[in-house]
Amino acid sequence: MTKLSTDDQSRFDKDNHIYDYVGGQMRSHRIGRGLTQAQVAKVIGISPQQYQKYEDAQSRCSLTSLETLATFYGVAFTAFLPEETSPPLMINEADLLARLVSSYSLLGSANKKLRLVQLVEAFTKKETL
């Protein structure tokens, strides 16, 4: 396993609260429907151990798995994502746009590109509500 640099570790620690939230939402939806981790893991095609890691924020759940869970539970994809509660960050818009375009061009498949656009649109709709 590759050791993170101090800067990368700091960024990971700050961003990890998102995965705590996502995992908590996954657990909440599962328990609210009286399902076991093994039952939900089967729905998204992973082992119960891997699903437990998602709920415990020890591993990051893929967007595809979250999309499958949203469909399975009959909720919006954004139901698993936290509301923005922190103050706005001071960011370099041009740098972020360049990173987004670069990442988009590396996706390869049209399906992945479409999902990325849909994800961005979902965040945009959430902001305008």
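This is a predicted model: local features need pLDDT of at least 70, side-chain atom pairs count only at pLDDT 80 or more; totals for chains, interfaces and linings use all residues.

User: How many helices and strands are in the chain?

Analyst: The chain has 6 helices and 0 strands. Read from the N terminus, its elements follow the order α-α-α-α-α-α.

User: What share of the residues in the chain is buried?

Analyst: A residue counts as buried when its relative accessible area is under 20%. Of the 129 residues in the chain, 20% are buried.

User: What share of the contacts links residues 24 or more positions apart?

Analyst: Among contacts with a separation of 6 or more, such pairs make up 58%.

User: At what angle do helix H2 and helix H4 pack?

Analyst: Helix H2 spans residues 37-44 and helix H4 spans residues 63-73; they pack at about 115°, and their axes lie 9 Å apart. Angles of 65 to 115 degrees count as roughly perpendicular, so H2 is roughly perpendicular to H4. The crossing of H2 past H4 is right-handed.

User: Which residues of H2 and H4 make the contact?

Analyst: H2 contributes Val40, Val43 and Ile44, while H4 contributes Ser65, Thr68, Leu69, Phe72 and Tyr73.

User: How does the contact of H2 with H4 divide by class?

Analyst: The contact comprises 6 nonpolar and 2 polar residues, with no charged residues.

Notes:
Residues are numbered from 1 along each chain as its sequence is written. Side-chain values use heavy atoms; hydrogens and water are left out. Axes are lines fitted to C-alpha atoms, for helices over the stretch in contact, and angles run from 0 to 180 degrees between N-to-C directions. Helices (H or I, at least four residues) and strands (E, at least two) are DSSP runs, numbered from the N terminus. Angles under 35 degrees count as roughly parallel, over 145 as roughly antiparallel, 65 to 115 as roughly perpendicular and the rest as oblique. A crossing is left-handed if the near helix is turned anticlockwise from the far one by less than a right angle, and right-handed if clockwise. Contact means heavy atoms within 4.5 Å. Ala, Val, Leu, Ile, Met, Phe, Trp, Tyr, Cys and Pro count as nonpolar, Asp, Glu, Lys and Arg as charged, and the others, Gly among them, as polar. Buried means under 20% relative accessible area, exposed over 50%, partly exposed in between (1.4 Å probe, protein chains only).
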